Amino acid sequence: MFAAAAHARRAILRNFDLIGYEPDPVAWRSIKMGVKRDLQAQLLRPNTPIPPRRNLPRYLRAIHNETGSLAKAIVSSVHDGAWTSSGGSFRLAEELGFDLVSEANQRFESNGILRYLEIGGAWAGLNKTGEGRSRDVAGLARHFDHAIGRRVFLHFTNLTRWHQTLPNGLVEHPFVTAAGLSVLEEQGIRNATVDILYSQAAVYFETDPKSLMNAASALLRNGGLLIFNHQPEYSELLKFRALANGLVQTRQRDLGGMNGIVVAFEKQDAPSVEDRRQSSEGRHAPNLKRRLTEGELR
């Protein structure tokens, strides 16, 4: 566990070097905890409830049952990250009233191609059996099996590597953080080509919303959909960065607790300074023509 965590941290820093990004101490501490959560979650079945460590007997019993190892259970109790498990899910999108399969269909039919990207996909639904409803990346792959790898491309990031091999058309991008999404251009995802960018929970732990919004906006094509959840204290900053990057908020819901606030944005051309002034005076802003620069926003 400790060696794997060190390897993941080094790989994340190499990706940061590629894009010239340097996390502050708070961000780096959050990333290191996220790496531990990833590695721990890989030892569990998807969506397994684990008791909090403050109830140590129940916690150790649950981990022992899951891993079959008392040693792993004891070692896990000293890690920074809480034990979690993830199977990938579109639940947060559904909380906002979005059917991501329907959204994907519309964009595929309109553009003739579909590129989906999920931040923190974990297992992405790929280690569970049964067809069921298409509520994860694996379900999308089944739904678009006639075009996967040719006109439909499904990508997901993780802080560590969860998969050694994947079917054609599915790509995992390990060692990528939400704030460091721009490194994906180095990994074959060109800017302005992503139709849907989604995160079930990973963005909630992001401490650099500015870098996240900049990178997400660059990756999304015009009309692209962005859905994620975040901590309430970032609401105003996210609204400001959305305005600066041509992202228009369309829906929001406060789910409370660790689910935080779920938001949906659509990529549009950003408003000019004059448009913003007119909008603030209560007049309807005209169609948007160009992006704001940092200087214009100050």
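The following legends describe close-up views of a predicted model. Residues are numbered from 1 along each chain as its sequence is written, and side-chain values use heavy atoms, with hydrogens and water left out. Because the model is predicted, local features need pLDDT of at least 70 and side-chain atom pairs count only at pLDDT 80 or more, whereas totals for chains, interfaces and linings use all residues.

**View 1. A nonpolar patch lies on the surface.** The patch is formed by Met1, Phe2, Leu43, Val75 and Val78, which together have about 440 Å² of accessible area. Accessible areas come from the Shrake-Rupley method with a 1.4 Å probe, and for residues only the protein chains shown count as cover. Patches are made of residues with over 30% relative accessible area and no salt bridge; like charges are joined within 9 Å, and nonpolar side chains (Val, Leu, Ile, Met, Phe, Trp, Tyr) within 5 Å. Val78 is found in the loop between helix H4 (70-76) and helix H5 (91-95); helices (H or I, at least four residues) and strands (E, at least two) are DSSP runs, numbered from the N terminus. Val78 counts as exposed because its relative accessibility is 60%, where exposed means over 50% relative accessible area, buried under 20% and partly exposed in between (1.4 Å probe, protein chains only).

View 2. Seven of the eight residues of S7 (residues 260-267) are buried. Two strands pair if DSSP finds at least two bridges between them. S5 (residues 220-230) runs antiparallel to S7 and is joined to S7 by six bridges; Leu226 has Phe265 as its bridge partner in S7. S6 (residues 247-256) is also antiparallel to S7, over eight bridges, and the partner of Leu247 in S7 is Lys267. S6 and S7 form a hairpin with three residues between them, and Gly257 in the turn has a positive phi of about 60°.

**View 3. Thr157 is a buried residue of strand S2.** Thr157 belongs to S2 (residues 152-158) and counts as buried because its relative accessibility is 0%. Contact means heavy atoms within 4.5 Å. Leaving aside residues up to four places away in sequence, Thr157 touches Leu117, Glu118, Ile119, Gly120, Gly121, Ala122, His173, Val176, Leu181 and Leu184.

View 4. Arg91 is partly exposed, at 27%, as is Glu95, at 29% relative accessibility.

View 5. The side chains of Arg221 and Asp195 meet at 2.7 Å, N to O. Arg221 is partly exposed, with a relative accessible area of 21%, whereas Asp195 counts as buried at 1% relative accessibility.

Methods: A salt bridge is a side-chain nitrogen of Lys or Arg within 4 Å of a carboxyl oxygen of Asp or Glu.
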